[in-house]
Amino acid sequence: MNAMRWRALLWLALAVVIAIGGTVQFSGQIPLQTNLLALLPPTERNPLAEQAVGKLADAAGNRIVFLIGHPSSGTAGNAARRFASLLREADAFRQVVAEIPPFDQKQLTGLYRNFRFNLLSESDRVEFSAGPGRIEERLQRKLFTPIRLGLTLPLAEDPLGLSDAWLAELPLKSLKLDAENGLLVTRDRGKLWAFVSADLPGSAYDSDIQRRITAAVAEAVRMLLKEYPETEVLRVGSVFYAGAARASAEKEVDLIGTGSLIGMLLLLYLVFRSLRPLALGVLSVGFGIAAAVVVTVWVYGELHLIALVFGASLIGEAIDYAIQYFAAQLGAGAAWEPMAGLRRIAPGLIVALTTSMLGYGALMLAPFPALSQIALFALVGLGAAWLTVFLLLPWLLKQPSRRDPEAAVAIPQRFLVWWQANASQRICLVITAILLCCAMPGWIQLTGNDDVRLLVSRPPALLAQEEKIRELTGFGNSSQFFLVEGATPDVVLANEERLAASLALLSARGDISGFQSVSVFVPSEARQRQNRALWSDRVFADEAGLRKMFAQAGLRDEIADRLIGEFKASSASVLRLEDWLQSPVSLPFRYLWLGRVDTGFASVVLPQGIRDVTHFETIASGVPGITFVDKAGSVSHLFRAYRQWGALWLIAAVALVYGVLCLRYGLRQALVVLMPTALAMVLSLGIFGYLAIPLTLFNLMGLMLVLGVGVNYSIFLCEGGVRAAATLAGVLLSAGTTLLSFGLLAFSSMPALAGFGLTLLLGIGIAVMLAPMVLVFSERESA
């Protein structure tokens, strides 16, 4: 009795530690992570590429874009201004922008005027490099163009239009938005859309910010539609996806957790007809889940929503150990003694926990933070539930069960009698052969799916709005880009220019519509010297001829003199990157410059209108200092690589579990115990093939757990023996609670979890149906 008391006190001490830890962790904001990037592993071989992915994601993620549409141009503008005003009044945003200041061309032309002799458009560079160029024709074109559109320098400063041509190539208008009446607008099918943007006060993945922003936007939309009934509001922003993911996760946690708990309690009561097992079962599961949450948050600093949803499904499995103890109490009847009962089932519980730990431990080898969190959550949760059985339940379950054992196990007892009379080793082997033959055609039909979108489900309504906004505005996808590195800023610019030459070919071929880079605005020093040399050779080499040409065109002599004088005076001038970064005109494009990094300096080149990426890797490998970054593609490649290695993982895991079983049962009997679970795994694969369900990495991870969990039922039956009807009742009850939890998980809105749950539902369901085979071989072994 003293030992039982000390065990209970040890459990109580652990519970106090968990309670204190949980109180400290959750006293403030709940550390629930909804950021998709937090799920993904560092797939890029270049660590700087990962930083660039994060920087671009933060730049886009903490901003919301709205389009306010109306058939009437005037009404659309008024509605956009009113909507921006409503958002400001909500005091939930750091900044809301609808109206734009008038564009001052002098700011842009003023930056480049003093360096114009270092600048040439690409077409002019090609022409001047090939020959003298049509200088006189250029002069005539500049003189006799009555209306010059776009950015231009005065005739006296750029009589040949060379600087105008360079300014015209700047990608200032890479979007479909036009300035009109102080707003950025676009038109589509008779409707004008006005652009409104809002910056968040913090991270889009902060739960408080999500709630504030969602409420503020909903109220602003409601008020706007009340004042302008025909107005349409489109929105896109990471905060909406993160908020929807959080809401979905919370709903699924409630559904899976509540459904599992209610089903579990109902099954427990039907078997034991007592409230005590119900209360103790809830206590065991609750302690396990609480310990899992606290330890996971302590290790990772946060809990990702995918791990939270999975944790809710752990209820059905975590109670298995307590159920076996309740079944032992039921089978003992009036002769029940708590510690003796625990000693009787301890070997089976230890082996069962070990195999489950091996199954979940395999998830720790996967490179995905989400799977690592799930694995840790399960390892701690199951371990804590197991400790509850060993430390606390003997103290709380001293009295024998009042339930009549014969009545409680009547159905399992009848099944055992029938099984003993009809089953044989030969029949079991024939069934095994038939099942394998049935599964083989399904294996042939198996296909794979490695899409990164398996990790998250994006609401169709938000996706439709995002696609429409991209179509209307021309916004591109910043998840695919080139990372450019160099020892100095100028080396980075030179590397960008070499990359730009290759991208220009892709643009001409239609693979991309264009690209954005810093070197488009600031050429490298080498390129500026080359341009200046071309100016010198093709324009200023014959000063007398230049003056004569200007005079014949009717230009005053002082224009030629001034031009020649400015060219000579600017011989040492170079447009520096710092000059551009400090200018207001660089503001929309500063995100392309990453600045100083560990390896020197770096920038980003963004392809636009991507239609074909097949040549991007080849281009990057051919230019020093260039890395093509495709986060989604990299993760999908990683998915495929690990899925293809999955078969070897499973074989290794089966061998490891078999080794553990051999320690307890010997070589032959260990094979018997493992056989039902192995059959369940191969049959599940066959069913996937027949149903045309693509095989994913998460299905393979699910099979790992089928191995770790499914073998428990064979272990329990083997430990209970042929006459242990109470053990069979406990196995069926454990399987029922586990299948209920994982069955609900199969309906998760997250494709990864749904695939995970479906695999566990099929695998564990088949494993428990085949588990009685163990009794046949165990019976013959003991005979």
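Reader: How many helices and strands are there in the protein chain?

Author: The protein chain of this predicted model has 32 helices and 13 strands. It runs to 783 residues, of which 52% count as buried.

Reader: What accessible surface does the protein chain have, and what share of it belongs to carbon and sulfur atoms?

Author: The accessible surface comes to about 34200 Å², and 61% of it belongs to carbon and sulfur atoms. As for contacts between residues at least 6 apart in sequence, 82% join residues at least 24 apart.

Reader: How do you know that the structure holds zero disulfides? What about Cys 437?

Author: A disulfide is a covalent bond between the sulfur atoms of two cysteines. The cut-off for calling one is a pair of cysteine sulfur atoms within 2.5 Å. The cysteine sulfur closest to that of Cys 437 belongs to Cys 438 and is 7.0 Å away, which is too far for a bond. Cys 438 is likewise in no disulfide, its nearest cysteine sulfur being that of Cys 437 at 7.0 Å. The count for the structure is therefore zero.

Reader: Why is Cys 437 called exposed, and why is Cys 438 called partly exposed?

Author: Exposed means over 50% relative accessible area, and partly exposed lies between that and the 20% limit for buried. Cys 437 has 51% relative accessibility, so it counts as exposed. Cys 438 has 44%, so it counts as partly exposed.

Reader: What makes the nonpolar surface patch, and what is its area?

Author: The patch is made by Trp 6, Leu 9, Leu 12, Val 16, Ile 20 and Val 24, and covers about 630 Å². Membership requires over 30% relative accessible area and no salt bridge, with nonpolar side chains joined within 5 Å. Val 24 has a relative accessible area of 58%, so it passes the area requirement. Val 24 is placed in helix 1, residues 2–25. In an α-helix there are 3.6 residues a turn, so residues three or four places apart point the same way.

Reader: What makes the span of helix 15 close to the expected one? Is helix 15 mostly covered or mostly uncovered?

Author: Helix 15, residues 369–391, has 23 residues and reaches 32 Å from its first C-alpha to its last, against 33 Å expected at 1.5 Å a residue. Helix 15 is mostly covered, with 21 of its 23 residues buried.

Reader: Why is Glu 127 called buried, and what does it touch?

Author: Buried means under 20% relative accessible area. Glu 127 has 19% relative accessibility, so it counts as buried. Glu 127 lies in helix 5, residues 122–130. Leaving aside residues up to four places away in sequence, Glu 127 touches Gly 133, Arg 134 and Arg 138. Leu 534 is 407 residues from Glu 127 in sequence, while their C-alpha atoms are 9.9 Å apart in space.

Reader: What is the phi of Asp 91, and what is that of Asn 181?

Author: Most residues other than glycine have a negative phi. Asp 91 is not a glycine, yet its phi is positive, about 55 degrees. Asn 181 also has a positive phi, near 55 degrees.

Reader: Where does Asp 91 lie, where does Asn 181 lie, and why is each called exposed?

Author: Asp 91 lies in the loop between helix 3 (73–89) and strand 3 (95–97). Asn 181 lies in the loop between strand 4 (178–180) and strand 5 (183–188). The limit for exposed is over 50%. Asp 91 has a relative accessible area of 61%, so it is exposed. Asn 181 has 64%, so it is exposed too.

Terms used. Residues are numbered from 1 along each chain as its sequence is written. This is a predicted model: local features need pLDDT of at least 70, side-chain atom pairs count only at pLDDT 80 or more; totals for chains, interfaces and linings use all residues. Side-chain values use heavy atoms; hydrogens and water are left out. Buried means under 20% relative accessible area, exposed over 50%, partly exposed in between (1.4 Å probe, protein chains only). Patches are made of residues with over 30% relative accessible area and no salt bridge: like charges are joined within 9 Å, nonpolar side chains (Val, Leu, Ile, Met, Phe, Trp, Tyr) within 5 Å. Accessible areas come from the Shrake-Rupley method with a 1.4 Å probe; for residues, only the protein chains shown count as cover. A salt bridge is a side-chain nitrogen of Lys or Arg within 4 Å of a carboxyl oxygen of Asp or Glu. Helices (H or I, at least four residues) and strands (E, at least two) are DSSP runs, numbered from the N terminus. The expected span of a helix is 1.5 Å times one less than its number of residues. Contact means heavy atoms within 4.5 Å.
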